[in-house]
Amino acid sequence: MSIKILMVCLGNICRSPLAEGILAAKLPKGKFTVDSAGTGSWHIGHSPDDRSIAVAKKNKISISNQKGRQFSTTDFDAFDYIYVMDNSNYEDVIQLAKNQQQKEKVQLILNELFPNEKVDVPDPYFGLPNGFEIVYNMLDEVCEIIAKKLIAKHA
């Protein structure tokens, strides 16, 4: 049985597709499944932002085949781990949880780097020209930690 990890951001076109691609590249195929979703519905069925695709490709990761989807309450049952990109996403997802067990699956992703500091992965969509590079590097660092923990726990 595959361990399933879900990455969640607002629109599922910038941060969570990058996190999905980065983490999937660091985990053994077959043992782990990584997906992504957005809390909003604006980009359902859309490819990731061209800038996310470009920064991933520059780092030898392909995310161009991903399609945006919205987070659903069924994701609590389908996934073992749910990582959200910022505090707003965290609140949106937690509000949909039906019980404590579902809430415990949800983690703010950068808490893996900065425990209990509640640091957000900035949304690069309207940000600086190098924002996607900055976000990629943050996600690459935290996904390395997550991958090591998952492999150690589920190997």
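## Helices α1 and α6

Helix α1 (residues 15-26) packs with helix α6 (residues 131-154) at an angle of about 45°, and their axes lie 9 Å apart. This is a predicted model. Two packed helices are described by the angle between their axes and the distance between the axes. Angles from 65 to 115 degrees count as roughly perpendicular and those under 35 as roughly parallel. The angle here is about 45°, so α1 and α6 are oblique to each other. The crossing of α1 past α6 is right-handed.

## Where the two helices meet

On the α1 side, the contact is made by R15, L18, A19, I22, L23 and K26. In α6, their counterparts are V135, Y136, L139, D140, C143, E144, I146, A147, L150 and I151. By class, this contact has 12 nonpolar and 4 charged residues. It has no polar residues.

## The sheet

The model also holds an open sheet of 4 strands. Their order is β2-β1-β3-β4, and the pairing is parallel. At the edges are β2 (32-38) and β4 (106-108), each pairing on one side only. From one strand to the next, the twist averages 25°.

Strand β3 (residues 81-84) pairs with β4 in the parallel sense, over 3 bridges. V84 has L108 in β4 as its bridge partner.

## A helix on the sheet

Helix α4 (residues 87-96) packs on the sheet. It touches β1 (3-9), β3 and β4. The direction of α4 makes about 170° with that of β4.

Note on methods. Residues numbered from 1 in each chain as written. Predicted model: local features only at pLDDT ≥ 70, side-chain atom pairs only at ≥ 80, totals over all residues. Heavy atoms only, no water. Axes fitted to C-alpha atoms, helices over the stretch in contact; angles between N-to-C directions. Parallel < 35°, antiparallel > 145°, perpendicular 65-115°, else oblique. Left-handed = near helix turned anticlockwise from the far one by under 90°. Contact = heavy atoms within 4.5 Å. Nonpolar A, V, L, I, M, F, W, Y, C, P; charged D, E, K, R; others polar. Pairing = 2+ DSSP bridges.
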